[in-house]
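Please go through the structure below with attention to one side chain, its surroundings, and the wider fold in which it sits.

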Amino acid sequence: MSAITMTCGARRLVRLLVVVALVAATPAATTGASPSHDPASTEPWPTPVPMTLEEALDATLWVEADDAGSGWIFGSYGGMRTVLDIPGAAQVETAFGHVAGWFETADGRFQTFLVDPRTGERTDLVRFARRPWAVTPAPDGQALYVTAPEGPDGQDRGVRRVDAAGRTMAIPGQGRPDTSRNELSWSPDGRYLASWSCPDGGGQPCMVDILDTVTGDVTEAGPLHSTTTDGRHLIGHLDETEDGMRPWVALEVATGEMHEIATDTIDRTGGGWFLPDGTLLLSGFTTDASIYRIVIADRDTGEVLRVLREEPYDEDALSLRHVLGRSGEAPWALLWVPDDEGPMPTGSTWRVLDLRTGELLPDPLVMAP
């Protein structure tokens, strides 16, 4: 068996293009659109086109701190690498081929920025008085979205949009006292941005706000713990039951109707992705975590259409990690055997799963130093 060797100069703090998250229930409420919203700068990602495996690897991107912790590197599984002009202590995220983040300045404020991934050059934007909770670049790379506790007492003020010209726009219909908003997740087409606010100290369920970046409308849904969305649906899980069950569920945002997915196949949720054909790629475990499965399920009915992999879950089991391509349009996913070296250790061997057949490609990918 031959191996495709891929170079990588770092291995810490991987932040991938494909962001996975989870879900729950109750009807949704929609606020009015913001009159100051600028839809021209937030157009959705173009319609997916078929990709070769090489193109899919090139399009699946990551950003990570280097081994010395002194800077950041932006790259792809196809081998592209760019050294970024970012301090090592920064918080950095990538989405849709763009990079955004923040770092603390000498005066104790928090500088947000965008980075050109082709050149590595940084453009500094707005400084916040308090530490941001989450940040993500817009699909066009000309703005970022950030959550920061900017209320008088440090409370949640929802999501703000900051563009490359330095303009800051608060998204209305969000913000809850005594909560933190620590996650931002894009829909695969780049139109919808989900953020969820969770009560400080726990004890109450989290709620999700779904921003339509074209119209400016915000829809509230939940409660939940974490979520991913395609704009119409949320997928994820409810609270764990007394017998250890935590099945996948789908929530229709407009109605709040919820149903379980992959019943009797996955008892405890793993990773989940929306696929371009309207189906779901899901992974998870039996209640006792002895069996690990990867399945394709119908989003609307919850029916399992195909079981792609089923194997005993132990230290040698291959786990689903990433769907290849810009937004899951490529029919492959990356699997690897977890270890204690971090999320993408150099020297680790990845396998490519064909989502059409459930077969592993014969040639592994080796993430070499």
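## The side chain of R293

In this predicted model, the side chain of R293 reaches the backbone oxygen of T265 at 2.6 Å, a polar contact in the sense of a pair of N or O atoms within 3.5 Å, where within protein one must be able to donate a hydrogen and the other to accept it, and where residues adjacent in sequence count only if both atoms are side-chain atoms. R293 belongs to strand β25, residues 291-298; strands (E, at least two residues) and helices (H or I, at least four) are DSSP runs numbered from the N terminus.

R293 counts as buried because its relative accessibility is 15%, the limits being under 20% relative accessible area for buried, over 50% for exposed and partly exposed in between, with a 1.4 Å probe and protein chains only. Leaving out residues up to four places away in sequence, R293 touches T265, I266, L282, S283, G284, T286, R309 and E310, where contact means heavy atoms within 4.5 Å. R293 and V307 are 14 residues apart in sequence, and their C-alpha atoms are 7.2 Å apart in space.

## Nonpolar cores

A nonpolar core is a set of buried Ala, Val, Leu, Ile, Met, Phe, Trp, Tyr and Cys residues joined through side-chain atoms within 4.5 Å. The largest one has 16 residues, of which L324, W332 and L334 touch the most other members. At least two residues of this core come from each of α1 (53-59), β28 (332-336) and β29 (349-354), and α1 gives the largest share, 4 residues.

A second, separate core holds 15 residues, among them W273, L281, L308 and A333. Beyond its neighbours within four places in sequence, L324 is in contact with residues including L53, A56, L57, W332, A333 and L334.

## A hairpin and the whole chain

Strands β21 (residues 248-252) and β22 (residues 258-261) run antiparallel and are joined by 4 bridges; A250 has H259 in β22 as its bridge partner. Their hairpin has 5 residues between the strands, and there G256 takes a positive phi near 80 degrees.

The protein has 1 helix and 30 strands, and buried residues make up 55% of its 369 residues. Among contacts between residues at least 6 apart in sequence, 46% join residues at least 24 apart.

## Basis of the values

Residues are numbered from 1 along each chain as its sequence is written, and side-chain values use heavy atoms, leaving out hydrogens and water. Local features need pLDDT of at least 70 and side-chain atom pairs count only at pLDDT 80 or more, whereas totals for chains, interfaces and linings use all residues.

Methods. Two strands pair if DSSP finds at least two bridges between them.
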